[in-house]
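Please examine the sequence and the structure shown below. The briefing that follows is grouped by topic.

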Amino acid sequence: MIQLKTLLNCIDNSGASVVECVNVLKKKRAATIGDRIVVVVQKQRAAGSEGSGTALANKVRRGDIRHAVIVRVKKELQRVDGTVVRFGDNACVLVNKSGDPIGTRMTGVVGQELRDKQWSKILSLAPVNV
Amino acid sequence: MAALPTMRQLGCLRALLKTQEAVQPQIGRRFISTIYSQRPERVPLPPNLPKQFLSQLPVRMQPENGPKPVKVYPPPPSARNACKDPVGSVTDSQMTVLDPKGDRKALFDYRRNTRSVKPGDIVRVTFKNGDPFNGVVLSIKLRGIDTSVLLRNELTRVGVEMSVKIFNPNIQSVEIVQRAMRKPRRARLFYMRSRKHDRRSVENVVAAYIRQKRAFLGGNKR
């Protein structure tokens, strides 16, 4: 249940670590996995410590307004076959206006609901999906 | 503020006059219609009234215009008699389709079967589309055909919980990877969500189990 002011972890290497939801797109209710939201970057990753091999400059800075796609939610989600999935945190990845991920790498598990909502690009970047 | 009587002495007379005016019309308001009178009882027609007099009666009192007998229909057949336990019969019919041998039911019936899955065990559920889910059993909900099991695991340092319906036709197999070390004193281990009691990742336990199993099965084949 992601809504205005919800803080989410950002799990890609775009440079943001914690972002805040400021709007849910194409929906009048709380957002869930696979939904697109507008976020403000609240905390950015330290540039030196994260890039061990590649000294990649942060693509986003604190205070930037970006679009993001939710990949994990704490609120339990029921699938069509009756299984219910719940994650330990709320997480998202940043995307640009056309829907391509800004980061090139992702850390962490993502929900399989992304497949139904045509976010296969994000799904292929993720190391694990549940 | 009413004027004090010492200032305007005749002022108190006005108040006296007012009360009289207000009371009097209420006493006079009494009509004939308010007097109660009992409704006169209806005089029944004489039983053996000759036919030629019937035409003199008003239309509504003539015998063919009198109250007709109300038609009473028999009640519809009772659904309860047709099927004594509808929920049970649906569950049974579903069970014969989804679990004809009763293995899956026995595997999770922890109240009766001592060898069943129990809370605290590590279980591996493989789905028909190929991807498995491993986890510690936090609770088993015995609800007939809706029986489900709640599994918890940690993937990439994020807690993941999945509640799986065990008679789901999408499930290929359910395996017990490891029994609980010690019998837990609870039926529902929701305390394992807290940081202190969390079992964390069970992936290495499951990986060891799979390696062992593969070695065992491979030995058999040769």
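Chain A of this predicted model contains three helices and nine strands. Followed along the sequence, these elements of chain A come in the pattern β-β-β-α-β-β-β-β-β-α-α-β. The radius of gyration of chain A is 14 Å, close to the 14 Å that the globule rule gives for 130 residues, so chain A is as compact as a globular protein of that length.

**Overall form of chain A**

- Taken along the principal axes, the box filled by the C-alpha atoms of chain A is roughly 45 × 30 × 25 Å.
- Of the 130 residues in chain A, 38% are buried.

**The barrel in chain A**

- Five strands of chain A form a closed barrel, which runs E1-E2-E3-E4-E7 with mixed pairing.
- From one strand to the next, the twist averages 55°.
- Within chain A, strand E3 (residues 36-44) pairs with strand E4 (residues 65-72) in the antiparallel sense, over five bridges.
- A:Val40 has A:Ile65, in E4(A), as its bridge partner.

**Where chain A meets chain B**

- The contact between the chains involves 16 residues of chain A and 13 residues of chain B.
- Strand E6 (residues 84-87) of chain A gives the most to the side of chain A that touches chain B, contributing four residues.
- The side of chain A that touches chain B comprises seven nonpolar, five polar and four charged residues.

- Strands of a sheet pair through backbone hydrogen bonds, in either a parallel or an antiparallel manner.
- An open sheet of seven strands has the order E5(A)-E6(A)-E4(B)-E3(B)-E2(B)-E1(B)-E5(B), and its pairing is antiparallel.
- Strand E5 (77-78) of chain A and strand E5 (171-178) of chain B stand at the edges, each with a single partner strand, so one side of each is left without a neighbour in the sheet.
- E6(A) pairs with strand E4 (residues 158-165) of chain B in the antiparallel sense, over four bridges.
- A:Val84 has B:Ser163, in E4(B), as its bridge partner.
- Within chain B, strand E1 (residues 122-127) and strand E2 (residues 132-141) are joined by five bridges in the antiparallel sense.
- B:Gly135, in E2(B), stands opposite B:Val123.

Key:
Residues numbered from 1 in each chain as written. Chains lettered and ligands numbered in written order. Predicted model: local features only at pLDDT ≥ 70, side-chain atom pairs only at ≥ 80, totals over all residues. Helix = DSSP H or I, 4+ residues; strand = E, 2+ residues; numbered from the N terminus. Rg over C-alpha atoms; globule rule 2.2 N^0.38 Å. Buried ≥ 20, exposed ≤ 12 C-beta atoms within 10 Å, placed from the backbone. Contact = placed C-beta atoms within 7 Å. Nonpolar A, V, L, I, M, F, W, Y, C, P; charged D, E, K, R; others polar. Pairing = 2+ DSSP bridges. Axes fitted to C-alpha atoms, helices over the stretch in contact; angles between N-to-C directions.
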